[in-house]
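Subject: Structure handover

Hello,

Please find the structure below. My notes on it follow.

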Amino acid sequence: MPAGLVISAPASGVGKTTLTLALARAWRHRGLRVQCVKSGPDYIDPAFHAAATGRASVNVDSWAMDRATIEHLVSRGADADIVLAEGSMGLFDGVAARGVSGTGATADIAEMLGWPVVLVIDPSGQAQTAAAIAAGLRDYRAGVRLAGVVLNRVASPRHEDLVRRALNDAGIAVFGALPRHAEISLPKRHLGLVQAEEQAEIGKLIDEAARFVGEHVDLDAVLRSAAAWSPQSTANGPNVTPPGQRIALARDAAFSFVYPHMLEAWRAAGAEISAFSPLADEAPDASADVCWLPGGYPELHAGRIAANARFRSGVRAFAETRPVHGECGGYMVLGTALTDADGIGHEMTGLLGLETSFAKRRMHLGYRLATLAAPVPGHQPGARLRGHEFHYSTILAQPDTPLAIVHDATGAVIAETGSRRGHVTGTFFHLIAEDR
């Protein structure tokens with residue numbers, strides 16, 4: 001029978017991903033089958049999970065998904081020895097208004113599945129107060145059970161001893177303490193970690209993290225703290241309709257933000273996916289009946305995209321007769337122009353009138369519920385789509401017909417409605433699931 005465990009923290013940037021990867025790789029070295037999942041809307045961490053475990057990871061999201069869908073996605077770990085659910089932000093951080101089965105908080109997943117939580121605590125600049133924080137998180141919500149903590153970035157043996165004594169006095173198990181170790185630091189950029197596929201040495205980095213954590217953390221004690229878990233048999237996968245029978249999907253370092261559960265749902269419904277690389281100046285498959293440009297980092301490659309005439313002309317020709325849809329970065333590339341962080345403007349495909357700029361960055365972040373005013377591939381007018389928006393681009397012009405009425409998680413109307421023109425549509429939010 002597999003066991004389940006949640007890795008969380010009081011806040012972002014504490015070391016959840018590093019610990020998750022290290023535990024997964026260390027246990028894999030011991031011959032265990034490890035499955036990871038990610039709580040919340042994150043494209044980057046699941047690729048690191050796959051690199052560490054050799055098994056595809058997926059996102060689970062209590063704001064956008066019902067319990068049956070979450071249990072279906074997690075059930076991929078039914079043949080594993082241990083399933084690790086990596087949290088996002090702090091343990092209880094979510095939106096103010098409840099969504100489908102929760103607020104999007106990691107705690108929702110822990111309570112729903114009955115899995116205990118291992119907290120990563122960074123006691124930098126404090127000592128006994130770290131125990132007060134851990135105790136507060138332990139007692140905040142009755143349905144969430146704390147297994148223990150791993151300390152990260154402890155300054156010295158004396159510092160570790162002070163924190164350990166306080167945690168022991170509070171009745172909280174300490175599984176280990178990690179001193180600062182720059183060699184296992186994962187590089188970051190403006191939307192999170194630098195993607196796993198962009199790091200040639202990612203395997204060695206994860207191995208070093210596993211070695212380091214193995215020296216300082218009681219791996220057996222952490223494993224024993226996991227809860228035995230009987231996967232629930234359910235046929236309820238994500239509520240997702242494929243955008244077409246044969247989908248030309250942009251996939252490379254600039255267009256990589258696709259939820260694994262979306263691709264799996266498309267294939268499970270009988271759709272075929274034909275990948276192409278805009279950065280390699282490839283055009284969409286002429287035999288496809290829809291073209292889909294996901295988000296990613298087009299702003300880092302804007303000059304190259306602008307220079308790739310075969311890609312741009314191929315997408316334009318495709319759009320003359322068949323639907324083309326873009327999400328976030330893909331939406332920006334379907335627009336007229338993109339100004340990069342250096343203030344240099346680059347011509348995009350011109351299929352929409354959208355103009356965006358990274359020269360004056362402003363963060364846009366949050367869940368989105370969109371009611372379509374016009375069709376997009378796979379969805380008819382009136383459909384309600386749940387998604388998430390996270391980008392730093394500023395809109396300079398958005399002259400086309402609005403695609404949807406968009407609200408945030410509190411019900412407030414959002415100005416970024418997406419656009420449509422002819423066969424072309426685009427949104428700033430990434431689709432997670434249809435609203436059942």
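H49 lies in helix α2 (residues 45-53); helices here are DSSP runs of H or I with at least four residues, strands are runs of E with at least two, and both are numbered from the N terminus. This is a predicted model, in which local features need pLDDT of at least 70 and side-chain atom pairs count only at pLDDT 80 or more, while totals for chains, interfaces and linings use all residues. Residues are numbered from 1 along each chain as its sequence is written, and side-chain values use heavy atoms, with hydrogens and water left out.

H49 is buried, at a relative accessible area of 0% (buried is under 20%, exposed over 50%, partly exposed in between, with a 1.4 Å probe and protein chains only). Not counting residues up to four places away in sequence, H49 touches T20, L21, C36, V37, K38, G54, R55, S57 and E86; contact means heavy atoms within 4.5 Å.

Q35 sits in strand β2 (residues 34-39) and is also buried, with a relative accessible area of 2%. Its side chain makes a polar contact with the side chain of R55 at 3.0 Å and reaches the backbone oxygen of A56 at 2.8 Å. A polar contact is a pair of N or O atoms within 3.5 Å; within protein, one must be able to donate a hydrogen and the other to accept it, and residues adjacent in sequence count only if both atoms are side-chain atoms. Beyond four places in sequence, the residues that Q35 touches include S57, R76, G77 and I82.

**Helices α1 and α7**

The axes of α1 (residues 16-29) and α7 (residues 202-216) come within 8 Å and cross at roughly 85°. Axes are lines fitted to C-alpha atoms, for helices over the stretch in contact, with angles from 0 to 180 degrees between N-to-C directions.

An open sheet of 7 strands runs in the order β12-β11-β13-β14-β25-β24-β21, with mixed pairing; two strands pair if DSSP finds at least two bridges between them. β12 (272-276) and β21 (401-402) are at the edges with a single partner strand each, so one side of each has no neighbour in the sheet. Strands β13 (residues 290-293) and β14 (residues 324-327) run parallel and are joined by 3 bridges. L293 stands opposite G326 in β14.

Regards
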